[in-house]
Amino acid sequence: MRQPAQPEPGASPSIWSRLSTITDYFAWPLRTSHYLELVNPLWTTHKMQARVVKVWDETKDARTLTLRPGLNWRGHRAGQHVRVGIPANGKHYTRTYTISSPPEREDDCFTITVKAIDKGTISHHIVRNIKVGDYLPIGLPQGDFYLPDAQPIQPLFITAGSGITPAFSMINSLIAQGRLPDTCHIHYAPHEFDVVLGKELKAMDRYNDRYHLHLMYSREGDDPSRNRFSSAQLDALCPDWKERDVYACGPPSLLEAIEQCMEDAGCSRQLHVERFRAPFTDIPDDAVGGRVRFAQSDVETDGDSETPLLKVAEEAGMNPPHGCRMGICHTCNTTLVSGCVRDLRTGEVLNEAGSIVQTCICAAAGDCELDL
Amino acid sequence: MKTHQYPVDLTDEQIEEFGRELEAIRNEVFDSRGDRDRAYILKVIKTQRTMAVSSRFVIYLSLFFIPAWGHALATWPVALTIMGLGVFALGIAKILENMEIAHNVLHAQWDWMKDPEIQSNTWEWDTMSPSDRWMHSHNVVHHTWTNVLEKDLDVGYGIMRVTPMQKWKPAFLLQPIYFILLMLLFEEGVAIHEQAIDDHLKGKNKLKDFTPLLKRIGYKVWRQVAKDYIAWPLAAALVAIPISFYVPFSPLLVFGMVAGANAVANLIRNIWAFTIIFCGHFPAGAHNFTLEQVEGETRGRWYLRQMLGSCNIEGSKLFHILSGNLSHQIEHHLFPDMCSNRYKEVAPRVRALADRYGIPYNSASLFRQFGTTWLNNLRLAFPGGGEPYEPRREEASQS
């Protein structure tokens with residue numbers, strides 16, 4: 001709330017930001033934007049929101065949301081992702097999704113395609129509960145997985161599951177610009193009916209001579225293992241793969257296999273990979289403490305499963321903020337960067353990056369890193 | 001076995017068991033937080049913001065009914081009635097913001113939602129005290145050391161004698177006047193309610209030791225004053241300047257009326273907040289504690305102290321919301337970071353638990369709670385009134 005919107009470096013303040021400096025005197029301690037939000041949530045400058053204008057079920061467990069971003073949105077590059085805040089069970093979760101629409105889209109909207117994954121509470125929530133008219137907080141487009149401006153290149157896309165989204169955006173962008181080079185695309189899915197954006201992919205394949213799509217169904221046919229990624233398969237589907245720039249996105253096992261294959265062929269430099277990072281850390285079975293890292297202070301030490309992290313920090317020579325030492329005043333609140341901690345009062349384990357940790361009543365449950 | 005010095009007839013084990021039962025209530029509620037609670041706080045915030053901005057425009061609207069306009073409805077009674085409505089609504093909006101929203105957000109009651117907009121460490125509230133300063137003196141000092149003499153600054157706020165345990169001195173003769181002054185200037189009082197300032201008045205530190213603190217408070221005060229007494233009145237006065245060529249009224253009058261309206265709204269909030277907050281720990285029957293009593297205090301005893309030192313006020317649903325659910329002061333002190341809409345649900349359970357253990361549960365009407373607070377204040381302005389307590393200076397200064 002206290003952080004004003006950062007203007008682009010070098011740009012002079014806009015008329016609106018000059019005006020809002022004055023109107024903020026009327027709105028204090030809030031900002032003008034908080035009151036504009038009452039009229040239209042898309043006009044806010046203190047946070048950015050997007051309105052869900054369309055939901056479309058791609059498969060039985062994948063859904064495309066069309067989002068209209070607020071005024072401060074800036075265009076993305078095909079392949080970039082965006083942070084989306086989702087309220088589920090009263091809590092606010094942040095997840096990163098690739099923008100699946102090309103930047104050339106004319107109505108200023110963009111789409112994200114979400115696949116419900118096993119145990120993924122949030123992706124399930126998006127796929128089942130989000131409806132048209134909802135407002136979701138969003139970030140600005142980020143990420144360096146995009147095509148270079150300098151053409152021509154001959155891309156080879158290797159994707160699996162919801163890893164299709166950045167490739168879909170890139171290919172569509174090239175088509176919209178009318179400069180699609182010779183493109184090969186290998187996509188893996190368990191079954192034909194599981195292919196996210198399948199209809200669109202097939203249509204693109206039909207209408208574009210230079211786009212070559214190979215859909216591989218890893219759980220269909222007599223011998224499904226033949227449909228898994230291998231260099232032999234690559235030779236068969238795309239004989240000139242060693243000359244191509246490879247853009248890969250999918251589950252870690254696939255990415256590892258591709259990396260190995262490219263390394264063996266001596267073409268690692270041609271490989272571009274986008275990884276989806278898991279927001280949760282697995283809870284270790286024994287959970288008996290571990291290495292504790294304090295990111296800002298750059299201190300690393302050991303913490304056992306009984307000693308509050310505040311004490312661990314103090315014994316390591318730090319003096320982090322604290323108050324009551326009994327969990328009521330929240331002066332010691334900090335964020336979990338990664339790893340697991342346990343609330344000593346309830347035994348609850350926090351393992352989601354970004355969780356708020358009260359250091360005076362939480363102890364390490366395995367390795368952890370705190371923003372202190 | 002009884003080794004504790006709390007005024008209850010319970011064994012040590014019983015107190016710990018009592019604490020565990022409270023903990024169970026707490027955990028049950030914390031585990032069940034969800035969409036319903038989020039919807040509640042979002043609705044209160046939206047209502048408050050809508051009310052705050054529209055009431056200010058109702059105050060503006062009333063300016064079109066001052067007699068100088070010459071139309072049929074342009075009379076002082078009409079103008080003042082409309083302005084009164086605006087002032088009342090603005091006062092309520094400020095009460096909602098301070099009590100049901102900010103007080104509770106700053107207690108980290110809503111941090112569990114992880115909504116970056118509703119976090120205790122970034123929220124700034126509509127009062128002169130900077131929120132982080134208040135969080136220290138309130139969340140840390142007051143909530144940890146509730147009603148412990150020489151530790152909890154809120155016991156008499158350094159200017160009043162609220163328990164006979166405080167030693168009488170002649171300055172307390174004036175405390176009925178402080179009482180009224182603090183009621184009217186509660187916002188300002190809270191802003192300067194600081195250990196450092198208190199120490200300075202006792203000559204324990206130098207002004208330059210806490211200049212950065214004063215600057216922070218000063219900036220917050222300036223922005224509050226700039227909003228209520230400069231920005232909103234000035235905008236009206238600027239519009240009034242061209243109009244005043246045609247309608248015979250002075251832009252200065254317009255400025256004064258809007259500033260005055262805002263002042264009254266702040267006054268309404270001050271009086272209400274003072275009334276509710278003074279009913280929290282000062283009515284008859286609330287216990288105070290000495291440092292000796294709380295030495296080596298366990299979690300169970302901490303719970304017991306919170307319960308013995310706090311008082312509830314009974315009232316309707318709307319009353320509870322307008323009091324920021326501080327009418328459930330006991331529940332708030334037991335579970336300071338439980339979201340406020342749940343206090344009314346746990347209150348019957350806490351009360352039943354207190355009855356079972358024979359612990360007094362101080363709950364009564366606003367009339368009784370504020371009445372005894374006021375009588376207490378008058379009585380304790382004079383010496384006596386109960387068992388005095390001689391603090392053991394050496395020990396106190398060591399801790």
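1. Two residues count as in contact if their C-beta atoms, placed from the backbone, lie within 7 Å.

2. Please keep in mind that this is a predicted model, where local features need pLDDT of at least 70, side-chain atom pairs count only at pLDDT 80 or more, and totals for chains, interfaces and linings use all residues. Residues are numbered from 1 along each chain as its sequence is written, and chains are lettered from A in the order in which they are written.

3. Chain B has 15 helices and two strands (DSSP runs: H or I of at least four residues for helices, E of at least two for strands, numbered from the N terminus). Its radius of gyration, 23 Å, is close to the 21 Å of the globule rule for 399 residues, so chain B is as compact as a globular protein of that length. The radius is taken over C-alpha atoms, and the rule is 2.2 Å times the number of residues to the power 0.38.

4. The C-alpha trace of chain B spans about 85 × 50 × 40 Å along its principal axes.

5. Turning to chain A, its domain assignment includes domain 2 (48-137) and domain 3 (155-274), with bounds from an automatic or database assignment. Over C-alpha atoms, the centres of these two domains are 23 Å apart. Domain 2 of chain A brings 14 residues to the contact and domain 3 of chain A brings 15.

6. On the domain 2 side of that contact, β1 (49-59) and β5 (110-115) of chain A each give two or more residues.
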